[in-house]
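Hi,

Here is the structure I promised to pass on. Have a look first, and my notes follow below.

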Amino acid sequence: MKIGVLASGSGSNLQAIINAIESGEISDSTIAVLICNRKEAYALERAKKHGIPAIYLSGKEFATREGYDKKVVEILKEYGVELVVLAGYLRWITPYFVESFKDKILNIHPSLLPSFKGLHGIEQAFEYGVKVTGVTVHFVDETEDGGAVIIQEAVMIENSDTLETLEEKIHKVEHKLYPYVIEAIRSGRVSKNGRIVKIN
Ligand code: GRF
């Protein structure tokens, strides 16, 4: 399976996927291309170190979001991408993009959706004082963090946790769940009926 990854930041989830491909946890797959909308994204370095084509595409070159996404879709198709994985991609994706890869775009979110949507899921859960938060992997639709849930795993917030320790716990779960879901999709074990997704 040819995977396309979109990232904006450190790329630790990208790294987890690279590791899972190299170890065979995700089989018969390659990351065909990485696209970043930020030049300083460390994800670009990670990809290059592993010989993955890494493309920086600046939003400034495009008059509209759709124009930008048309270019992204064009690149993904050029590389024969079958599954698009958003890994810390800090950009709103347009309906054009969603339609071009219908039910083929995944996102990972650091909370138990629909709680704590948006950019600061870990911090918000911590500050709200919930005792259970977690990680969600979901299909991407035109809504913000609102697509069908594929898998969730809970993370407990203990008395001794600080925001930093909670972040560590969440990232550890992310790095396990994302490769697991990608392999489940690759092996055809994920079915979707409206919002109800099952891993068989
Ligand atoms: C992760 O916490 C992910 O849940 C969120 O953005 C963060 C990306 O981290 N969508 P990284 O760039 O993969 O290290």
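Predicted model: local features only at pLDDT ≥ 70, side-chain atom pairs only at ≥ 80, totals over all residues.

Which residues in α1 meet which residues in α6? From α1 they are S12, N13, A16, I17 and A20, and from α6 they are E174, H175, Y178, P179 and I182, where contact means heavy atoms within 4.5 Å. By class, that contact has 6 nonpolar, 3 polar and 1 charged residues. (Ala, Val, Leu, Ile, Met, Phe, Trp, Tyr, Cys and Pro count as nonpolar, Asp, Glu, Lys and Arg as charged, and the others, Gly among them, as polar.)

Residues are numbered from 1 along each chain as its sequence is written, and side-chain values use heavy atoms, leaving out hydrogens and water. Helices (H or I, at least four residues) and strands (E, at least two) are DSSP runs, numbered from the N terminus.

Back to the helices. α1 and α6 pack at about 50°, with their axes 9 Å apart; axes are lines fitted to C-alpha atoms, for helices over the stretch in contact, and angles run from 0 to 180 degrees between N-to-C directions. The two are therefore oblique to each other (under 35 degrees is roughly parallel, over 145 roughly antiparallel, 65 to 115 roughly perpendicular, and the rest oblique).

α6 (residues 163-186) also packs with α5 (residues 121-128), at an angle of about 130° and with the axes 10 Å apart. That pair is therefore oblique as well. I122, E123 and F126 of α5 make the contact with L163, L166, E167, I170 and H171 of α6. By class it has 5 nonpolar, 1 polar and 2 charged residues.

Now the ligand. Around it sit S10, G11, S12, N13, G88, I108, H109, P110, H171 and E174, each with a heavy atom within 4 Å of it. A backbone N or O atom of G11 is 2.8 Å from a ligand oxygen atom, and a backbone N or O atom of N13 also lies 2.8 Å from an oxygen atom of the ligand. For E174, a side-chain N or O atom is 2.3 Å from an oxygen atom of the ligand.

Two backbone details to finish. The peptide bond from L113 to P114 is cis, with omega near 15°, and P114 is in the loop between β5 (105-109) and α5. D28, in the loop between α1 (12-23) and β2 (30-36), has a positive phi near 45° although the residue is not glycine.

Cheers

Terms used:
Polar contact = N/O pair within 3.5 Å; in protein donor to acceptor, adjacent residues only side chain to side chain.
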